[in-house]
Amino acid sequence: GVPSVSTDTGVWEQHGHKTMHSCAPPDAVVWPQSVGQVQELAALCYRCRVPMVPFGTGTGLEGGVNAVQGGVCFDLSRMDAIADLSLEDFSVAVEPGVTRKALNSHLRGTGLWFPVGTVGAGALGSSRGWGC
């Protein structure tokens, strides 16, 4: 299947480059596919005192994915499930890799939508990290 860990230079650069900042790539990139995997990886990084850098879709310009001290980049793009839609209270539970476009496609026909706001085309999980 698709690899879940990479130390390839091209992958590092993809996960450390932002247009407003110089490239600060991580030492490794991992693609967890469940909350349990994120918890295990976070615990391991904590025990080993290795920085963790979350990565949604890489569309942000804030430099939040620059691994200025190295570390492990958690690419959350494969965690893209949409669950628990409640039309009654206008809420939906999503994993961090869900994009606004994917959510709106899922909501089509319900009368609901997720407006652009500050998210743009990026992952909804990364917008939450910036308080959007």
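How many disulfides does the chain contain, if a disulfide is a pair of cysteine sulfur atoms within 2.5 Å? The count comes to zero. This is a predicted model, in which local features need pLDDT of at least 70 and side-chain atom pairs count only at pLDDT 80 or more, while totals for chains, interfaces and linings use all residues. Residues are numbered from 1 along each chain as its sequence is written, and side-chain values use heavy atoms, with hydrogens and water left out.

**Cysteines**
- The sulfur of Cys45 lies 7.4 Å from its closest cysteine sulfur, that of Cys48, and this is too far for a bond.
- Cys45 counts as buried at 6% relative accessibility, whereas Cys48 is partly exposed with a relative accessible area of 49% (buried means under 20% relative accessible area, exposed over 50%, partly exposed in between, with a 1.4 Å probe and protein chains only).

**Core and contacts**
- Cys45 also belongs to the largest nonpolar core, whose six residues include Val30, Phe74 and Leu76; such a core is a set of buried Ala, Val, Leu, Ile, Met, Phe, Trp, Tyr and Cys residues joined through side-chain atoms within 4.5 Å.
- Leu76 touches Pro32, Val38, Phe55, Pro96 and Gly97, not counting residues up to four places away in sequence, where contact means heavy atoms within 4.5 Å.

**Whole chain**
- The pattern along the sequence is β-α-β-α-β-β-β-β-α-α, with helices (H or I, at least four residues) and strands (E, at least two) taken as DSSP runs numbered from the N terminus.
- Of the 132 residues, 30% count as buried.

Definitions and conventions: Disulfide = S-S within 2.5 Å.
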